[in-house]
Amino acid sequence: MINIKSVTEIAKMQKAGEITAIAHRAVADAICEGITTFELDRIAYEVIKSHGATPSFLNYNGFPKSICTSVNDVVIHGIPSKNTVLKNGDIIGIDIGVYYDGYHGDSAATHGVGQISEQAARLIETAEKSFYEGISHAREGERVGDISAAIQRYVEGMGFSVVRDFVGHGLGTMLHESPEVPNYGESGRGARLIAGMTIAVEPMINAGLSEVRVGIDGWTVTTADGSLSAHFEHSIAITKNEPLLLTVL
Ligand code: MG
Ligand code: MG
């Protein structure tokens, strides 16, 4: 079942989303050569707590940290660690969820560390642009498949591939709600979008093949071929016109 949110609920989700954005900014500002992903996790935790909110991911299905830090060939769900030290040329996907006043915000962005390769820069840019291509179809009357197809078309047109095994999702009082929002598919298919639906649209794209593997820790998802991966995500609310971005300042 898809939960349609009231204006009051969407306002609460904007507040959770705002804290998500503040945490993202703090982490992005701290990213540099030599910092550990453990330290980035602490920064996000402190910012989220200082706003009276809770990190959505901490202890979610046993996830041990507050944010996901996914370096290079890690697609999503990288676990922050004192052993993961960022170095010049790395790319890192930061995924942050915030629970505040009964509602979740969820967003992700991928950043370069120091001087990154041209391919890495193009991959990061493509992930972000594909999100906007997708949400150009996120309005009442269109379907989930219209978002999915637009993302896939853009990413594959840039010579990259779309991850199939993990998808975007509805969210609200729960971090993951219906519907699923794949980053591939056919336009005209899937659930019809209605004003008041709130979804996280999150392209995960690989420089090489689309296949991924889950690591022995049960969380870390990597590209099967070792190629770089980038992730971009915002939580949005469907309206009759342009979608409302919730996880922004
Ligand atoms: Mg996320
Ligand atoms: Mg998400």
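Trainee: Why is S161 called buried in this predicted model?

Mentor: The relative accessible area of S161 is 12%. Buried means under 20%, so S161 is buried.

Trainee: Where does S161 lie?

Mentor: S161 lies in strand β6, which covers residues 161–162.

Trainee: What makes the pair of S161 and G208 a polar contact?

Mentor: A polar atom of the S161 side chain and the backbone oxygen of G208 lie 2.8 Å apart. The cut-off is within 3.5 Å, and 2.8 Å meets that distance.

Trainee: Which residues is S161 in contact with, leaving aside its neighbours within four places in sequence?

Mentor: They are V155, M204, I205, N206, G208, L209 and S210. Contact here means heavy atoms within 4.5 Å.

Trainee: Why is N59 called exposed?

Mentor: N59 has a relative accessible area of 59%. Exposed means over 50%, so N59 is exposed. N59 is placed in the loop between β1 (54–55) and β2 (67–71).

Trainee: What makes H77 partly exposed?

Mentor: The relative accessibility of H77 is 22%. Buried requires under 20% and exposed requires over 50%, so H77 falls in between and counts as partly exposed. The loop that holds H77 runs between β3 (74–76) and β4 (91–100).

Trainee: What is there to note about the phi of N59?

Mentor: N59 has a positive phi of about 70° and is not a glycine. H77 also is not a glycine, and has a positive phi of about 65°. Most residues other than glycine have a negative phi.

Trainee: How do you know that the peptide bond from S178 to P179 is cis?

Mentor: Its omega is near 0°. Most peptide bonds are trans. P179 itself is in strand β8, residues 177–181.

Trainee: How much space lies in the largest pocket, and which residues are closest to its centre?

Mentor: The largest pocket holds about 350 Å³. Of its 18 lining residues, Y60, I76, H77, H176 and E202 are the closest to the centre. By class, the lining has 10 nonpolar, four polar and four charged residues.

Trainee: What about the second largest pocket?

Mentor: The second largest pocket has about 190 Å³ of space. It is lined by 17 residues, and H24, A108, A109, F232 and H234 are the closest to its centre. Two or more lining residues come from each of α1 (7–30), β5 (103–112) and α3 (118–135).

Trainee: Which element gives the largest share of that lining?

Mentor: That is β5, with five residues. The lining of the second largest pocket divides into eight nonpolar, seven polar and two charged residues.

Notes: Residues numbered from 1 in each chain as written. Chains lettered and ligands numbered in written order. Predicted model: local features only at pLDDT ≥ 70, side-chain atom pairs only at ≥ 80, totals over all residues. Heavy atoms only, no water. Helix = DSSP H or I, 4+ residues; strand = E, 2+ residues; numbered from the N terminus. Buried < 20%, exposed > 50% of the residue type's maximum accessible area, 1.4 Å probe, protein only. Polar contact = N/O pair within 3.5 Å; in protein donor to acceptor, adjacent residues only side chain to side chain. 1 Å grid on protein atoms, 1.4 Å probe; cavity = no way out; pocket = protein on both sides within 12 Å on 5 of 7 lines; lining within 4 Å. Points joined across faces, edges and corners; volume = space filled by probe spheres on them. Nonpolar A, V, L, I, M, F, W, Y, C, P; charged D, E, K, R; others polar.
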